[in-house]
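Subject: Structure handover and notes

Hello,

Please find the structure below, with the sequence alongside. My notes on what was found follow it.

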Amino acid sequence: MFESLTYLQLQQYWWIIISLLGGLFAFMMFIQGGQTLLGKISKDDEILKTMLVNSLGRKWELGFTTLVLFGGALFAAFPLFYSTSFGGAYWVWMGILFCFIIQAVSYEFRTKPNNFFGQKTYETFLYINGSLGVFLLGVAIATFFSGSEFFIDERNFSFWQNSLRGLEALGNPFNILLGISLLFLVRISGAMYFINNIDNNLIRKRSVNSIKIDMIIFLVFFLNFLYMLFTRSGFAYDENGHVFIEKYKYLNNFLDMPFVGIIFTLGIILVIISVFNTVEKQKSCCIKTGGVGIVLTVMALFLNVGFNGTSYYPSVYNLQSSLTIENSSGSEYTLLVMSYVSLMVPFVLAYITYAWYQMDKVKITKKEITSKDAHNY
């Protein structure tokens, strides 16, 4: 089946899969967004807070599964990116990993007996994961467009050229814009998830109020990010692999690939519609519409930066060291074997969907949380 594909087609196939998984992971980060809202929505009411944490606790492992799928696919299909970025932008990736480690620890130990750290400590960890972790991830993804400082020699050994080891990305306003945009996007989806998953009028009211504020902040930063994206020069390469600067590259990519542009536009529209229906029409099911919108938007951004002769991990130190889907992928045989393994991805996604459905058959209520047999995170 996959044997009929050329090497380039295999590389494109895997970039499409990575783009889809990236979109799915961005949607699943409503868990992180919800974690930043625990104090704001519960206002230190322990029963309300427990309802919120239990709601997220039932889904955080699904989010982790999606993260592993996304990261594993990216690093396996394009190992040169893994060695360059993880070995170079060390402190950013270590910060992200640390934030996700403390999330897992928090859900496991927050309500354990004899917890000498106390619940507040683990709730702080959840907030750090939902805020700093998401922000740093957005900054790291933004470098796919803005570039990093590294050099790759003829043996594919990479050498990072900045002593800050990735933290220099925090000094670029473009990267900051995407980081903050992503943070407030997941806060919006987190609030919509609470409305859909919990049967409590007070939580619903406070979640709607949170969405109203966060949506304004998100639009301010995201529209500025789009302006800078569409007006900036990008990193293109020709048929010989020579990298050069092209004016309005990322805008041109959407114009040259209208299907990707349509996906991107549709995704943004769906997110706006979901927010409108949640706030104005008091609908509780909009996490689904918004989720589809987030997946399409993020997927389109990944397709934009990886296709149409674009370097997805450019080097501003040495243009010819920039990574493309053609010069950074695994071997043709590796991609071919992995392509058969990729046929398992739909089954994993089906498992996530089924598990979600089973957990959401009945909404979380105050009665359930306060019962003797309740299992609280």
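S321 is placed in the loop between α13 and α14 (332–341). Its relative accessibility is 4%, so S321 counts as buried, the limit being under 20%. Please keep in mind throughout that this is a predicted model.

Helix α13

Helix α13 itself covers residues 286–306, which is 21 residues. From its first C-alpha to its last it reaches 30 Å, close to the 30 Å expected at 1.5 Å a residue. Of the 21 residues of α13, 18 are buried, so the helix is largely enclosed by the rest of the structure. N308 follows α13 and has a positive phi, near 60 degrees.

Positive phi elsewhere

Most residues other than glycine have a negative phi. N156, although not a glycine, has a positive phi of about 65 degrees. N156 sits in the loop between β1 (150–152) and β2 (158–160), and with a relative accessible area of 44% it is partly exposed. Y248 is not a glycine either, and its phi is positive at about 55 degrees. The loop between β4 (243–246) and α11 (249–256) contains Y248, which is partly exposed at a relative accessible area of 35%.

Nonpolar core

In soluble globular proteins, nonpolar side chains tend to be buried together. Here the largest nonpolar core has 118 residues. Which of them touch the most other members? They are W15, F78, F81, F144, F194, Y312 and Y313. Helix α9 (residues 173–197) gives the most to this core, with 15 residues.

The surroundings of F78 can be given in detail. Leaving aside neighbours within four places in sequence, F78 is in contact with Q11, W14, W15, I18, Y312, I325, S328 and S329. Among these contacts, W15 and Y312 are also on the list of residues that touch the most other core members.

Nonpolar surface

Y90, W91, L164, L167 and L170 make a nonpolar surface patch of about 460 Å². Y90, one of these, is in helix α7 (residues 90–109) and counts as partly exposed at 37% relative accessibility.

Salt bridges

Side chains of opposite charge can pair when their charged atoms come close. The count for this model comes to eight salt bridges.

D44 and K120 meet through their side chains in a salt bridge, at 3.4 Å from N to O. D44 lies in the loop between α3 (38–42) and α4 (46–57), and K120 lies in helix α8 (residues 119–146), so the pair ties together parts that are 76 residues apart in sequence. D44 is exposed, with a relative accessible area of 51%; the cut-off for exposed is over 50%.

E108 and K112 form a salt bridge through their side chains, at 3.9 Å from N to O. Both count as partly exposed: E108 has a relative accessible area of 45%, and K112 has one of 38%.

R155 forms a salt bridge with D153, with the closest N and O atoms 3.6 Å apart.

E123 is buried, with a relative accessible area of 11%.

Regards

Technical notes:
Residues are numbered from 1 along each chain as its sequence is written. This is a predicted model: local features need pLDDT of at least 70, side-chain atom pairs count only at pLDDT 80 or more; totals for chains, interfaces and linings use all residues. Side-chain values use heavy atoms; hydrogens and water are left out. A nonpolar core is a set of buried Ala, Val, Leu, Ile, Met, Phe, Trp, Tyr and Cys residues joined through side-chain atoms within 4.5 Å. Buried means under 20% relative accessible area, exposed over 50%, partly exposed in between (1.4 Å probe, protein chains only). Helices (H or I, at least four residues) and strands (E, at least two) are DSSP runs, numbered from the N terminus. Contact means heavy atoms within 4.5 Å. Patches are made of residues with over 30% relative accessible area and no salt bridge: like charges are joined within 9 Å, nonpolar side chains (Val, Leu, Ile, Met, Phe, Trp, Tyr) within 5 Å. Accessible areas come from the Shrake-Rupley method with a 1.4 Å probe; for residues, only the protein chains shown count as cover. A salt bridge is a side-chain nitrogen of Lys or Arg within 4 Å of a carboxyl oxygen of Asp or Glu. The expected span of a helix is 1.5 Å times one less than its number of residues.
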